[in-house]
Amino acid sequence: MKGTITEKILKQHLVEGNMTVGSEIAIKIDNTLTQDATGTMAYLQFEAIGIDRVKTELSVSFVDHNTLQTDFKNADDHRYLQSVAKRYGLYFSKPGNGICHQLFLERFARPGKTLIGSDSHTPTAGGIGCFAMGAGGLDVAAAMAGAPFRIKFPKVVGVKLVGKLNDWVSAKDVILEVLRRIDVKGGVGKVLEYFGPGVKTLSVPDRATITNMGTETGCTTSIFPSDEITKAFLEAQGRGDQWIELIPDSDAEYDEIMEIDLSTLEPMIALPHSPGNVKKVREVAGIKVDQVSVGSCTNSSLRDLKVVANALKGRTVSENVSLTISPGSRQVVEHMVDSGEFNYLVQAGARILENACGPCIGMGSAPCSGAVSVRTFNRNFEGRSGTKDAQVYLASPEVAVAAAITGEITDPRDLGECPKIQMPDKFFINDNMILNPLPPEEAQKVEIIRGPNIKPLPSFDKLPDVLEGTALIKVGDNITTDHIMPAGAKILPLRSNIPEISKHVFEAVDESFAKRALESSGGFIIGGENYGQGSSREHAALAPKYLGVKAVIVKSFARIHLANLINFGIVPLTFKNPEDYDRIDLGDKIEIDIGDLKGDVKLKNITKEFEIELTHTLSELDAEILKIGGKLPWIKEHFSK
């Protein structure tokens, strides 16, 4: 681990703890970002802390998720977010400006800085050499209040890149190859740090695609060096003065090494319903396709849209395919219009959507019943598209456009010569849809605007020493936050109304869960491996807490969801003996003596009359936060004025 980029940044930002693998450390956070699906709750929490102004170097509030306005809810929340940004000293990116991660990369991300965002794909900024992590909204609120961010010191996996990508193969295929090797939980507790001669062949947008989707491995973050390619990108964005060189030492020591020869990679594709279910495109070629969607924070850059546009030039989208394009930012659109390449998309029959997340989160463009949808996105969980029986495949822009042209999954190398694209030396800079923070004296006069859908935060009591209740649900491995708290146009507008959104907890798994939980006065969730993978949405913890969930007992947790459970006073426990999972059934009456949470605990199954041991990974501070009822009362006690 010595001499790595990870070590250098964490050492510079270390506030507490020892830099040994697995030890809890606290680090100073320089920047934060939020998006509107999680940000509304984050700012309600920030207001509750009682701080007069954000204490970070830079914090940005983006609107990119809930731009589909079918009633007043989303529009009201946008006004709330804008007024909060004015009041508390944040930058605010207006609806329609673009996707938070693409915009942050273009206009804000800086090498060597620390960033947390209330979105799991915040590691996108790792493509520019920023140590960027996804987190729950409450953790972001705490960072804005000046609190350090706590993580377990990670193992550093050196991903050595050699060679150069061939035509029709791109950065998306690199991260799909990583996922093919380590799957959706192989990165847990680790940072994926890219190095080697192959790094020099990748642009900053290429690198950002890789760090973005590295999230799907479960890793803490992914990061690339800041080198002359980074410098050129920042200069092209008019931010050359923000560049610093940040590279690993020549004798850097990594905890593990993974080597990828870029020249040997082929076009790859992730099959339903997991980003880790990866095969070569040639292995599944010929499957008929109904929909192709290009965009998302993974593949909506100017480079990606240029590739798609030039592959479509002079061609027409297949008659049975609907092709949607979601540009990542207005900067991307402006360049496409200026170069004339936007016309290629329009003339080919593509449907141009807003510069927003859109279909990636089930916010419009749901495919037809039983459809095959090829998407350049980062997740293909069952039902996430908005259509439960859709078969969603994840692929590069090259593979996506080949499917749009041919009407079936096609290796893009079969299209013939790969189009050559020309990137600009200087990007068009127009920040008129980014509102700057107001000076403190003006900010204090701003009135916060609250629509009727914004409800007060529920309050949660201190935890007793003994938890009692029933096993409310029993689920398997790799349960995602989409399973727990679905997204989409129906549910996301309720994100600032906890009583209403709570009615949809586990809706896709068991429609009766919410009603049963309330009627049972709470209880426990039983689960398998990697519980809570996927999105950072804290509502997957906050809403179950509102329903009375007292503890989640599983074989293992995903990092961000584990932190969110602690933040909202739900005790995260694991089976000491994984086989004990099979001994608990739905409806069993359970009693857990948690005491002070400083050691293993006992579970009594009252229904079946047996005891088993449970364990946890809680630090003393985690235990303190849980016992007091969650992170919000703890932060108020330690950081409010």
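User: At what angle do the axes of H6 and H7 cross, and within what distance do they come?

Analyst: The axes of H6 and H7 cross at roughly 30° and come within 8 Å. Axes are lines fitted to C-alpha atoms, for helices over the stretch in contact, with angles from 0 to 180 degrees between N-to-C directions. Helices (H or I, at least four residues) and strands (E, at least two) are DSSP runs, numbered from the N terminus. This is a predicted model, in which local features need pLDDT of at least 70 and side-chain atom pairs count only at pLDDT 80 or more, while totals for chains, interfaces and linings use all residues. Residues are numbered from 1 along each chain as its sequence is written, and side-chain values use heavy atoms, with hydrogens and water left out.

User: Are H6 and H7 roughly parallel or roughly antiparallel, and which handedness does the crossing have?

Analyst: H6 and H7 are roughly parallel to each other. Angles under 35 degrees count as roughly parallel, over 145 as roughly antiparallel, 65 to 115 as roughly perpendicular and the rest as oblique. The crossing of H6 past H7 is right-handed, the near helix being turned clockwise from the far one by less than a right angle.

User: Which residues make the contact?

Analyst: On the H6 side they are Ala171, Lys172, Val174, Ile175, Leu176 and Leu179, and on the H7 side Asp206, Thr209, Ile210 and Met213. Contact means heavy atoms within 4.5 Å.

User: Which residue forms a salt bridge with aspartate 206?

Analyst: Arginine 303 does, with the closest N and O atoms 3.9 Å apart. Arginine 303 lies in helix H10 (residues 302-312) and aspartate 206 in helix H7 (residues 204-213), so this pair ties together parts that are 97 residues apart in sequence. A salt bridge is a side-chain nitrogen of Lys or Arg within 4 Å of a carboxyl oxygen of Asp or Glu. Both arginine 303 and aspartate 206 are buried; buried means under 20% relative accessible area, exposed over 50%, and partly exposed in between (1.4 Å probe, protein chains only).

User: What does glutamate 177 pair with?

Analyst: Its side chain meets that of arginine 181 in a salt bridge of 2.8 Å, N to O. Because glutamate 177 and arginine 181 are four residues apart in helix H6 (residues 171-182), about one helical turn separates them. Glutamate 177 is buried at 6% relative accessibility, whereas arginine 181 is partly exposed at 39%.

User: How many salt bridges are there, and which residues are linked in a network?

Analyst: The count comes to 43 salt bridges. Glu266, Lys280, Arg282, Asp411, Arg413 and Asp414 are linked in a network of them.

User: Changing topic: where does isoleucine 128 lie?

Analyst: Isoleucine 128 is in the loop between strand S6 (114-117) and strand S7 (131-134). With 0% relative accessibility, isoleucine 128 counts as buried. Beyond residues up to four places away in sequence, isoleucine 128 touches several others, including Leu105, Pro111, Phe233 and Val204. From isoleucine 128 to valine 204 the C-alpha to C-alpha distance is 6.2 Å, although the two are 76 residues apart in sequence.

User: And serine 93, buried or exposed?

Analyst: Serine 93 is buried, with a relative accessible area of 1%, and belongs to strand S5 (residues 91-93). Leaving aside neighbours within four places in sequence, serine 93 is in contact with Ser61, Phe62, Val63, Leu103, Met433 and Ile434.

User: Which side chain does serine 93 join in a polar contact?

Analyst: That of asparagine 97, at 3.0 Å. A polar contact is a pair of N or O atoms within 3.5 Å; within protein, one must be able to donate a hydrogen and the other to accept it, and residues adjacent in sequence count only if both atoms are side-chain atoms.
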